[in-house]
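Colleague: I would like to learn how to read a model like this one. Can we take it feature by feature?

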Amino acid sequence: MRRIRIVDAFTSRPFTGNPAGVCLLPAGPWPDDVWLGQLAAELNHPETAFALPLPAGAEADWEIRWFTPLVEANLCGHATLATVHTLRREGLLTGGPVRFLSRSAGLLTAWAEGGAGEDGEITLDFPAAPTTEVPIPAGLADALGVRPEATFRTGALGDLLAVLPDEATVRALRPDLAAIAALSLREEWRGVIVTAAAATGVQCGYDFVSRFFAPARGIPEDPVTGSAHTALAPYWAARLGRLDALTGLQASGRPGRVKVALQGDRVLLTGCAVTVLEATLHV
């Protein structure tokens, strides 16, 4: 029988961070795509990850796919972190890095601290998403309820990055999600990232804040978006002139922290995870 887990990612406390479904599949062919999508819709979490073991000698250890409640995703950080957490708890890590083969983002590598049953930090090695400044799209200020200071495209990531004046504005944002969805479809965005520097004069333990909205993909607001930090990391490293590691706080209703570090054209994303549910699938 297949098992399903619900894992809260980029947090060390249950009911915070970003919940992900994790389904470790038996070796063999992939289940039907319709079934994968239906299970993700049934769970109704921002993302559900499915991992299929690959034979010895393959270029990776597992193939991984991610589904929102509506569509298959090209890249997902928090559900990948949740998958590594699950593999560690199941004793399926060998002590070295684990390699995932993805259909859109190529080979992804992860490292996990601690042994089976432990909950130490996990680091993901993802492709960086350099940002390119673009004019503020028509309708965006009305959809957000505030005019951004600047906007950037994020290349293959497919998001729009909007820089807001300050942390308080990011936290108080109440966007028109229907308008964001319409803009995303018109402009072919995956979603909209909003960000600002951490409030000055406060020893908060993070360098920048963000939120992420992808209503056209079935995710009105994502609690903690690992993949968005592949664009946030190079943007804030350049803006702050920091070559060392940075920490981002995603200031959603279920906040979480993502440590980021640039390594050439890659970004290391580090965080914790906690399992909140394990169950048996009967379909």
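Predicted model: local features only at pLDDT ≥ 70, side-chain atom pairs only at ≥ 80, totals over all residues.

Colleague: Start with the rings. How many aromatic pairs does the structure hold?

Modeller: There are five aromatic pairs. Take phenylalanine 208 and tryptophan 236. Their ring centres lie 5.8 Å apart, with 5° between the planes. An angle under 30 degrees counts as stacked, so this pair is stacked.

Colleague: Where in the chain do phenylalanine 208 and tryptophan 236 lie?

Modeller: Phenylalanine 208 is in strand β13, residues 208–214. Tryptophan 236 is in helix α6, residues 229–240.

Colleague: Which residues form the aromatic cluster?

Modeller: Phe152, Phe208, Tyr235 and Trp236 form one cluster.

Colleague: Next, charges over rings. Which ring does the charged end of arginine 2 sit over?

Modeller: The ring of tryptophan 35, at 4.6 Å from its centre. There is another case: arginine 65 lies over the face of tryptophan 30, 5.0 Å from the ring centre.

Colleague: Now the spaces. How many cavities of 30 Å³ or more are there?

Modeller: One. The largest cavity has a volume of about 120 Å³.

Colleague: Which residues lie nearest the centre of the largest cavity?

Modeller: Glu47, Leu75, Arg190, Phe212 and Ile219, out of 17 lining residues. The elements giving two or more residues to this lining are α2 (77–89), β13 and β14 (219–222). By class, the lining has seven nonpolar, six polar and four charged residues.

Colleague: What about the largest pocket: how much space lies in it?

Modeller: About 300 Å³. A pocket is an open set of points. This one is lined by 19 residues, and the closest to its centre are Asn74, Leu75, Ala156, Leu157 and Gly158. Its lining has 10 nonpolar, six polar and three charged residues.

Colleague: Let us end with single residues. Where does histidine 229 lie, and what does it touch?

Modeller: Histidine 229 lies in helix α6. Its relative accessible area is 0%, so it is buried. Leave out residues up to four places away in sequence, and its contacts include Phe208, Ser210, Pro234, Gly248 and Gln250. Val258, Val260, Val267 and Leu269 are also among them.

Colleague: Is threonine 11 buried or exposed?

Modeller: Threonine 11 is at 10% relative accessibility, so it counts as buried. It lies in the loop between β1 (3–9) and β2 (18–24). Beyond four places in sequence, threonine 11 touches Thr16, Gly17, Cys272, Ala273 and Val274.

Colleague: What separates threonine 11 from glycine 96?

Modeller: Their C-alpha atoms are 23 Å apart, and the two residues are 85 residues apart along the chain.

Methods
Residues numbered from 1 in each chain as written. Heavy atoms only, no water. Phe/Tyr/Trp six-rings, centres within 6.5 Å; stacked < 30°, edge-to-face > 60°. Helix = DSSP H or I, 4+ residues; strand = E, 2+ residues; numbered from the N terminus. Lys NZ or Arg CZ within 6 Å of the ring centre and 35° of its normal. 1 Å grid on protein atoms, 1.4 Å probe; cavity = no way out; pocket = protein on both sides within 12 Å on 5 of 7 lines; lining within 4 Å. Points joined across faces, edges and corners; volume = space filled by probe spheres on them. Nonpolar A, V, L, I, M, F, W, Y, C, P; charged D, E, K, R; others polar. Buried < 20%, exposed > 50% of the residue type's maximum accessible area, 1.4 Å probe, protein only. Contact = heavy atoms within 4.5 Å.
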